[in-house]
Amino acid sequence: MELLSVRDLCKTYPGFTLDRVSFSLESGYIMGFIGRNGAGKTTTLKSMLGLVHPDGGAVEMFGMDFRKKESACRQQLGVVLGDARYYGSKSLRDVAAVTARFYECWDDAAYRDYMKRFSLDESKRVRELSTGMWVKFTLALALSHGARLLVLDEPTSGLDPVSRDELLDIFRDTVANGERSILFSTHIISDLEKCADLITYIHAGKILTSTDRDSFTDDYRKVTGGRGELTDAVRESAIGLREQSFGFEAMMKTEDAISSGLAAEPIGMEEIMIHIEREGRE
């Protein structure tokens, strides 16, 4: 079942335009939302969630128009936007009690199970939590009211590698039954290589691609060659070309790399992003 559909979402600010952003997410998947800082990731998420008013486009969640059925959608939605914390002096117990009042399907037994699993102490105050503990707590709240779609903005940013790996395990477990999905933005590409099923790439306010992770990497190859091999045809198909005294290296679409006759090899997501963004600077 399609849990999220974003179609032609637009938002214009001075100096930046979110340009007809479209993608969709079915149940049972983790989608990584990537792009360099300022590309439009947070603007997309906030426009999608009604936290800023989009100039155009449509968003459906759980088969419902989000704008028309926002209250019903939010019953099945869990959101974590950065490290924004409220009620810093309140205990986790108090925050959970307030949160529970807003959700018809709040499950206190599930909440306590998640708190135990995440090793969270209800007596702690919000301001006493580390970044990792805060993300775990917000996930516990979301999962305890039956959220089927989790939207997370940079949830692993600022965490140490061990804490990040622990959260990624939680993400994988969360979607394992095929009933929930996670959309999370990140600039930590290694996290996506560990847990993402799908990749949506935004560049300068436009979606470059939205596909499964393997197809994303299979679409490109890294190519290298000597100075004499850098023909006009190679220059035209090269992405993020870097010339050196002894030759060059670049990225190409796989079909272009094969037809070029150049030395080609597989390329990882981080290098793909570097080459695309390098191309955009030139």
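Reply: Here is a quick tour, from the whole chain down to single residues. Keep in mind that this is a predicted model.

Me: How many helices and strands are in the protein?

Reply: The protein has 11 helices and 14 strands.

Me: And what box do the C-alpha atoms fill?

Reply: Roughly 70 × 40 × 35 Å, taken along the principal axes.

Me: What share of the residues is buried?

Reply: Of the 282 residues, 48% are buried. As for contacts with a separation of 6 or more, 68% of them join residues 24 or more positions apart.

Me: Let's go to α4. Which of its residues are buried?

Reply: Helix α4 spans residues 108-117, and its buried residues are Ala 110, Tyr 111, Tyr 114 and Met 115. Seen down the axis, they fall within an arc of 135°, so they line one face of the helix.

Me: What does the face turned away from the buried side carry?

Reply: Exposed residues: Ala 109, Asp 113 and Lys 116.

Me: What covers the buried residues of α4?

Reply: The cover includes α3 (92-100) and α5 (131-144).

Me: Tell me about α4 and α5. At what angle do they pack?

Reply: About 155°, with the axes 9 Å apart. The two helices are therefore roughly antiparallel to each other.

Me: Is the crossing left-handed or right-handed?

Reply: α4 passes α5 in a right-handed crossing.

Me: Which residues make the contact?

Reply: From α4, Ala 110, Tyr 111, Tyr 114 and Met 115. From α5, Phe 137, Ala 140, Leu 141, Leu 143 and Ser 144. The four α4 residues are also the buried residues of that helix.

Me: Now the ends. What caps the N-terminal end of α4?

Reply: Asp 107 does. One of its side-chain oxygens lies 3.1 Å from the backbone nitrogen of Ala 109.

Me: And what follows α4?

Reply: Ser 119, with a positive phi near 55°.

Me: Switching to α1. How many of its residues are buried?

Reply: 6 of 8, so helix α1 (residues 41-48) is mostly covered.

Me: Which ones are they?

Reply: Lys 41, Thr 43, Thr 44, Leu 45, Ser 47 and Met 48. After α1 comes Gly 50, whose phi is positive, near 75°.

Me: Where does Asp 8 lie?

Reply: In strand β1, residues 2-13. Its relative accessibility is 32%, so Asp 8 counts as partly exposed.

Me: What about Glu 154?

Reply: Glu 154 also isn't a glycine, and its phi is positive at about 50°. Glu 154 sits in the loop between β7 (149-153) and α6 (161-175).

Me: Is Glu 154 buried or exposed?

Reply: Buried, at 18% relative accessibility. The cut-off for buried is under 20%.

Me: Last one, Thr 217. Which helix is it in?

Reply: Thr 217 lies in α8, residues 213-218. With a relative accessible area of 18%, Thr 217 is buried.

Me: Which residues is Thr 217 in contact with, leaving aside neighbours within four places in sequence?

Reply: Ile 267, Met 269 and Ile 272.

Notes: Residues numbered from 1 in each chain as written. Predicted model: local features only at pLDDT ≥ 70, side-chain atom pairs only at ≥ 80, totals over all residues. Heavy atoms only, no water. Buried < 20%, exposed > 50% of the residue type's maximum accessible area, 1.4 Å probe, protein only. Arc of directions from axis to C-beta. Contact = heavy atoms within 4.5 Å. Polar contact = N/O pair within 3.5 Å; in protein donor to acceptor, adjacent residues only side chain to side chain. Axes fitted to C-alpha atoms, helices over the stretch in contact; angles between N-to-C directions. Parallel < 35°, antiparallel > 145°, perpendicular 65-115°, else oblique. Left-handed = near helix turned anticlockwise from the far one by under 90°.
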